[in-house]
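Please read this report with the sequence and the 3D structure open. Short sections follow, each on one topic.

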Amino acid sequence: MSLVDELKSAVTPRAALLVVGVFALQLLFITSYVGALHNPKPTDVPFGVVAPQQQVATAVADRLGKLPGDPLDPRVVADEAEARDQVLNRDIDGALIVDPRGRTDTLLVASGGGKVLSATLEAMITELEAANQRLVRTVDVAPSSSQDFNGLSAFYLVIGWCVGGYICAAILAISAGSRPANRERAIIRLGVLALYSALGGLGGAIIVGPILGALPGSVAALWGLGTLVVFAVGAATLALQSVFGIVGIGLAILLIVIAGNPSAGGAFPLPMLPPFWRAIGPYLPPGAGTWAARSIAYFKGNGMTASMVVLSVWAIVGAAVTLVLSSVKRTPKAEPIASEVGGPPA
């Protein structure tokens, strides 16, 4: 056989297309991660302003709202107690309590929502106040754990859950065909995924809590969150495989790893990400899971309803698509992974 014939025999057209797809995923991975994380800067950070006189508070808020680059989205808050409540409810990321009777104002931050953001707010407000010959006293109303370096533990926990979800779904597919042959097989796959999700959620919660002490908060709540994250990602992967075959695994990586991880608000909280990643992050499992995990660990479970709805939608739609497509009559054919990529059987 000639070299060309050997090449055609070794690399089928479908395999070549899959390699091209992997190459595209590689470039998208670089573009997404570097694009999201190479130049973090705060933009429109929800920020409260409190002062005894309404006109003083309004004037300070107006001044903060006109800063170059629009780093803050200031709003007047009634009093310090209300400002604390809004920070703890995750409605705002910080607040400045102005004391016109003295030279020291108070800055409220919440490092549990992201140490980088709280440190950025502290540096920014301290510099602004110094320009007006004023001092700043920083109060962290939701401090991150001393064992949670840079507040990344929640992010890594959720990423681990996501990886488990799509790898489990991929293994279930390549072991006996990427598309479920019938509804019974789809139900079995979803059942195995549900069991795996419960075990994976519990394992992750125990590791970051009692074993490592990296995250405070309820182990039971983290267990429930982990179960939902793993199942949501796994069900979505099964659905994509049901629609696109083995290519669905690549699409799952595109959504979860390439788009989801850099936009999750892990290394840099959402207000510090570029507009595209900030917009998509809350609606993808890594972002929704990271937000919810931090809410459980540091904010008494506040502000996580939207994230739980997002994860539930991924889980329900993924399971529904898998079940519906498994009921569609197809022409019987072999489904091993070898036939999916166009190669000869082992």
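## Basis

The model is predicted; local features need pLDDT of at least 70, side-chain atom pairs count only at pLDDT 80 or more, and totals for chains, interfaces and linings use all residues. Residues are numbered from 1 along each chain as its sequence is written, and side-chain values use heavy atoms, with hydrogens and water left out.

Helices (H or I, at least four residues) and strands (E, at least two) are DSSP runs, numbered from the N terminus. Buried stands for under 20% relative accessible area, exposed for over 50%, and partly exposed for values in between (1.4 Å probe, protein chains only).

## Nonpolar cores

A nonpolar core is a set of buried Ala, Val, Leu, Ile, Met, Phe, Trp, Tyr and Cys residues joined through side-chain atoms within 4.5 Å. The largest one has 54 residues, and the members that touch the most others are Ala83, Leu108, Trp161, Leu215, Leu222, Leu225 and Val229. Two or more residues come from each of α4 (80-88), β3 (94-97), α6 (153-174), α7 (183-211), α8 (219-244), α9 (247-260), α11 (285-298) and α12 (305-326). The greatest contribution, 11 residues, is that of α8. A second, separate core holds 24 residues, among them Val49, Leu67, Val98 and Leu121. In soluble globular proteins, nonpolar side chains tend to be buried together.

Contact is defined as heavy atoms within 4.5 Å. Apart from neighbours within four places in sequence, Ala83 contacts Val50, Val77, Ile92, Ala95, Ile97 and Leu108. Gln86 is in helix α4 and is buried, at 16% relative accessibility. With residues up to four places away in sequence left out, Gln86 touches Val77, Asp91 and Ile92.

## Leu193 in helix α7

Leu193 belongs to helix α7 and is buried, with 0% relative accessibility. Not counting residues up to four places away in sequence, Leu193 touches Gly165, Cys168, Val230, Phe231, Gly234, Ala235 and Leu238. The C-alpha atoms of Leu193 and Leu172 are 8.7 Å apart, and the two residues are separated by 21 residues in sequence.

## Helix α11

The expected span of a helix is 1.5 Å times one less than its number of residues. For the 14 residues of α11 this gives 20 Å, which agrees with the 20 Å between its end C-alpha atoms. Because 13 of its 14 residues are buried, α11 is largely enclosed by the rest of the structure.

## Surface patch

Patches are made of residues with over 30% relative accessible area and no salt bridge; like charges are joined within 9 Å, and nonpolar side chains (Val, Leu, Ile, Met, Phe, Trp, Tyr) within 5 Å. Accessible areas come from the Shrake-Rupley method with a 1.4 Å probe, and for residues only the protein chains shown count as cover.

One nonpolar surface patch consists of Phe23, Leu27, Phe29, Ile30 and Val34, with about 450 Å² of accessible area together. Phe23 lies in helix α2 (residues 13-37) and is partly exposed, at 49% relative accessible area.

## Salt bridges

A salt bridge is a side-chain nitrogen of Lys or Arg within 4 Å of a carboxyl oxygen of Asp or Glu. The whole structure contains five. Asp99 and Arg101 form one of these, at 3.4 Å from N to O. Asp99 is partly exposed, with 26% relative accessible area, whereas Arg101 is exposed, at 79%.

Asp105 pairs with Arg134, their closest N and O atoms being 2.7 Å apart.

## Positive phi angles

Most residues other than glycine have a negative phi. Asp44 has a positive phi, near 55 degrees, and is not a glycine. Asp44 sits in the loop between α2 and β1 (45-50) and is partly exposed, at 37% relative accessible area.

Lys300, also not a glycine, has a positive phi of about 60 degrees. Lys300 follows α11, in the loop between α11 and α12, and is exposed, with a relative accessible area of 77%.
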